[in-house]
Amino acid sequence: MISLKYAFFWILPLVSAGTWLGQYFYANQRYNRGLIPLSGMLLAMFITWEVEGSPQYVSMESGQNIAYISDIGAQGLKPLFIAGCCVTTVFLDLSFAAERWLRHTGRLAKNMGTAEKILSGLSIVFAIAGTCGLILLSIFDTVQHPRLHDGFLLLFIAGYVISAIFICAEYQRLGVHFRQHRVLRASFWMKLFFIIIEVFLAAVFIGTSFSKGNQNVAAIFEWVIAIIFTFYVFTFFVDLLPASRDHQKAANLELGHVDGPANDRHSHGYAAATGAHSYDGAAGIADNQRPKPPMAQNY
């Protein structure tokens, strides 16, 4: 059953991904072509650069034919670059906060111990660090502040990769207790894939960007890294969608994490989770003979 009260949470990562790689319209006044439908901030920047004839910007090195995202973002599209980075990261951080709150309230699989809460908190801290890196690199462009720009770029990449590592660790621990939740496994593997691919691509990008004659290769890898980041943002849609359904608390109840009318729900939940038998003398039946709430089968 769908709960409209919690349905809007999964919209947060869609807004983030859509801003990064969604639908925009850009007025190309230089060529007087009116409104040209373009796809999102990244593709809007790339297609605009192509439409303008692939110009050689002052920030590009000699022999470089493919512009970095930062090269384009430092020119006429800088307002779009800054706005896109701000909206993308703010809504992504709101997705992190929503996921933490929904687990705390039991709308998603609850954290079973302090360690999982710490891992979740660390993932949010490093995500905020990545947010600061992306917003600041869009403001301190590569033309006027090249050193600061490069430093904030590294902060952006490292922040979100480390954040993904912590959230993967949290999901791995959750998966031990909620094995029936297929969405935890799916999200874990998607985020792990993001970590492995982004670390590899970032290493190649850094190695080629600081060596002469490889700027075109580095620019290609930068665009690929940015596009893969879109799919990482989308994984939070997968995480938050189950919160709109009403049968999560039944699974939490089985592990004794939702208080009911009686104060002994926690002991019943523990017995169900461990296989132990408790006995209700007033009712005259063993706890393992009581009807069990349905488990969440689809997420």
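Trainee: What pattern does the protein follow, read along the sequence?
Mentor: The order is α-β-β-α-α-α-α-α-α-α-α-α-β-β. This is a predicted model, where local features need pLDDT of at least 70, side-chain atom pairs count only at pLDDT 80 or more, and totals for chains, interfaces and linings use all residues. Residues are numbered from 1 along each chain as its sequence is written, and side-chain values use heavy atoms, with hydrogens and water left out.

Trainee: How many helices and strands are there in the protein?
Mentor: The protein has 10 helices and 4 strands. Both are DSSP runs numbered from the N terminus: H or I with at least four residues for helices, E with at least two for strands.

Trainee: What share of the residues count as buried?
Mentor: Of 299 residues, 45% are buried. Buried means under 20% relative accessible area, exposed over 50%, and partly exposed in between, with a 1.4 Å probe and protein chains only.

Trainee: OK, the core. Which residues touch the most other members of the largest nonpolar core?
Mentor: Trp 20, Ile 72, Phe 156, Phe 229 and Tyr 232, out of 49 residues in that core. A nonpolar core here is a set of buried Ala, Val, Leu, Ile, Met, Phe, Trp, Tyr and Cys residues joined through side-chain atoms within 4.5 Å.

Trainee: Which helix gives the most to this core?
Mentor: H6, with 11 residues. There is also a second, separate core of 7 residues, which includes Phe 9, Leu 12, Leu 108 and Leu 240.

Trainee: Back to Tyr 232. What is it in contact with, leaving aside neighbours within four places in sequence?
Mentor: Tyr 232 is in contact with Phe 96, Tyr 160, Ser 163, Ala 164, Lys 191 and Phe 194. Contact means heavy atoms within 4.5 Å.

Trainee: And Glu 170, buried or exposed?
Mentor: Glu 170 counts as buried, because its relative accessibility is 0%. Glu 170 is in helix H6. Beyond its neighbours within four places in sequence, its contacts are Glu 99, Arg 103, Asn 111, Glu 116, Leu 119 and Ser 120.

Trainee: New topic. At what angle do H7 and H8 pack?
Mentor: About 165°, with the axes 9 Å apart. That makes H7 roughly antiparallel to H8, since angles over 145 degrees count as roughly antiparallel, under 35 as roughly parallel, 65 to 115 as roughly perpendicular and the rest as oblique. Axes are lines fitted to C-alpha atoms, for helices over the stretch in contact, and angles run from 0 to 180 degrees between N-to-C directions.
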